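Subject: Structure handover

Hello,

Here is the structure for your files. Please open it alongside this message, as the notes refer to residues by number.

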Amino acid sequence: MLDYRVAVVGAGPAGLATLKALRDRGISAVCFDAGERPGGLWVLGGPHSSAYRTLHLNTSRTRTEFADFPMPAGWPDYPGHELIAGYLRDYAERFRLETRQRHTVTRVARADRHWSVTAEGPQGTVTVTVEAVVVANGHNTVPRRPDPAYPGDLAGEQLHSHDYRDPAQLTGRRVLVVGGGNSAMDIAVDASHVAGTTLLSVRRGVWIVPKYLFGKPSDTLNGALAKRLPWRARQRISQTMLRLAVGPVTRYGLPAPTHGFLQDHPTLSDALLPRITHGEIGVRPAIERLDGDGVVFTDGRRDPVDLIVWCTGYRVELPFLDPALLGPDGAASLPLYRHIFHLDEEGLMFVGLMQSTGAALPVVEAQARLVAARLAGTYRLPSPQRQRDDCAAELRAARERWGERRPAMRIDFDAYLALAAAELRA
């Protein structure tokens with residue numbers, strides 16, 4: 001006997017979108033989530049959240065919203081975390097999506113022809129038997145620090161961006177922010193307003209994209225081009241626009257981008273470059289070693305530092321799954337048909353296990369619809385061999401574009417949405 005047809009792990013955007021799609025198809029589902037309320041990483045202070053008080057979207061509202069639930073037109077183009085957390089709460093309420101909060105999934109395993117899902121909750125252990133499992137708990141929860149660690153020791157404090165919540169943590173400190181992604185830029189800007197000194201260590205160059213180009217949110221321009229041009233042509237046009245808008249980043253002391261635009265996750269910031277030009281943020285190269293009350297950089301310079309904020313990303317870990325289900329290289333390298341369907345295990349699906357060139361919400365909404373269509377019997381997967389061949393071809397193309405930076409997880413936002421829509425129609 002099945003308790004439900006589907007178990008969903010996680011009640012962030014991916015889990016909520018999955019519940020909505022299943023409900024639309026009349027498919028019974030149970031959803032377990034470790035937090036106090038739905039919303040995932042957007043819930044400030046949640047058990048796995050990396051949100052901080054100054055966090056805002058880095059993709060624009062109209063390119064981020066669920067198609068089934070548009071954000072209010074009067075909202076800012078780049079809403080803050082409180083609005084997004086409220087939006088996800090309202091989404092769950094509007095579509096009557098039921099979740100079991102404060103339930104941490106500890107084990108997902110085969111049970112004959114079905115799946116057994118075990119979670120620890122306020123009243124103890126809960127185990128359900130289901131036809132299918134959708135893993136939708138995200139992959140930005142386990143902090144990754146430099147490995148191997150830099151030589152030497154620091155007398156001061158070190159924290160990962162996952163544990164950053166408020167600029168008050170930076171007040172009066174001699175702060176070094178390490179990284180080139182969106183969190184690094186946000187935290188460096190925060191520090192520049194309250195810290196004693198602020199340094200930003202960038203090991204490799206990235207494209208710094210202003211949030212507005214020609215008076216419009218910058219990602220809307222690339223979205224318009226995506227309907228007409230392949231990514232290589234969009235890359236050339238986008239790079240030209242960025243050079244005209246901000247000039248070469250080397251002018252600001254930052255290293256030149258290591259990869260072409262659209263070949264890495266863009267870093268959006270309107271505030272970083274002005275804070276650098278005002279002398280409020282000092283740019284440094286990679287760290288050579290930690291040195292007591294300071295840090296020595298690869299250019300030989302030494303600066304006093306009493307707080308390092310490591311903005312060095314996250315490890316992709318799914319501890320509730322048997323490692324044998326994830327393959328020898330782990331979840332980040334797991335081949336999935338359409339980035340959703342496990343190649344060997346019928347009924348094991350993933351929503352949100354990807355890295356997009358754009359927003360996440362429309363992608364997980366599209367993935368959720370394919371999951372629901374598959375379970376409803378209106379979407380049929382190709383043969384196992386064709387699935388493997390497709391994954392292999394996609395991986396080759398991803399390596400050509402993104403190199404070895406998690407190629408199995410990479411997707412082009414606009415191309416993927418078009419492909420998912422075509423799959424659903426077929």
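Predicted model: local features only at pLDDT ≥ 70, side-chain atom pairs only at ≥ 80, totals over all residues.

Residues are numbered from 1 along each chain as its sequence is written, and side-chain values use heavy atoms, with hydrogens and water left out.

Helix α11

Helices (H or I, at least four residues) and strands (E, at least two) are DSSP runs, numbered from the N terminus. Helix α11 covers residues 413-425, 13 residues in total. From first C-alpha to last it reaches 19 Å, close to the 18 Å expected at 1.5 Å a residue; the expected span is 1.5 Å times one less than the number of residues. F413, D414, Y416, A420 and E423 of α11 are buried. Buried means under 20% relative accessible area, exposed over 50%, and partly exposed in between (1.4 Å probe, protein chains only). At the start of α11, the backbone nitrogen of D414 has a side-chain oxygen of D412 within 3.3 Å.

D412 also forms a salt bridge with R234, with the closest N and O atoms 3.1 Å apart. A salt bridge here is a side-chain nitrogen of Lys or Arg within 4 Å of a carboxyl oxygen of Asp or Glu. This pair links distant parts of the chain, 178 residues apart: R234 is in helix α6, and D412 is in the loop between β24 and α11. R234 and D412 are both buried.

The second largest pocket

D412 turns up again in the second largest pocket, where it is among the residues closest to the centre, together with E394, R401, W402 and A415. The pocket holds about 340 Å³ of space, and 17 residues line it. Pockets and cavities are found on a 1 Å grid over the protein atoms alone: a cavity is a set of points where a 1.4 Å probe fits but cannot get out, a pocket is an open set with protein on both sides within 12 Å along at least five of seven lines, and lining residues have an atom within 4 Å of a point. Grid points are joined across faces, edges and corners, and a volume is the space filled by probe spheres set on the points.

α6 (231-246), α10 (384-402), β24 (410-411) and α11 each supply at least two lining residues. α10 gives the most, with 6. By class, the pocket lining has 8 nonpolar, 1 polar and 8 charged residues. Ala, Val, Leu, Ile, Met, Phe, Trp, Tyr, Cys and Pro count as nonpolar, Asp, Glu, Lys and Arg as charged, and the others, Gly among them, as polar.

Cavities

The whole structure has 3 cavities of 30 Å³ or more. The largest cavity contains about 320 Å³ of space. Its lining has 23 residues, of which D219, N222, F261, P266 and T357 are closest to the centre. α5 (218-226), α6 and α11 each give two or more residues to this lining, and α5 gives the most, with 4. The lining divides into 11 nonpolar, 8 polar and 4 charged residues.

The second largest cavity has a volume of about 80 Å³. V206, W207, G260, D264 and H265 lie nearest its centre, out of 13 lining residues. Of these 13, 5 are nonpolar, 6 polar and 2 charged.

Other salt bridges

The search of the whole structure finds 25 salt bridges. One of them joins E345 and R110, with the closest N and O atoms 3.1 Å apart. E345 lies in the loop between β21 (341-342) and β22 (348-350) and R110 in strand β3 (residues 104-111), so this pair ties together parts 235 residues apart in sequence. R315 pairs with E317, with the closest N and O atoms 2.8 Å apart. R315 is partly exposed at 38% relative accessible area, and E317 is partly exposed at 35%. Salt bridges that share partners also join K20, D24, D68, E365 and R369 into one network.

Backbone

Most residues other than glycine have a negative phi, and most peptide bonds are trans. The bond from D147 to P148 is cis, with omega near 5°; P148 is in the loop between β6 (142-143) and β7 (157-160). L262 has a positive phi, near 70°, and is buried at 7% relative accessible area. R338 also has a positive phi, near 55°, and counts as buried at 9%.

Regards

How values were computed: Polar contact = N/O pair within 3.5 Å; in protein donor to acceptor, adjacent residues only side chain to side chain.
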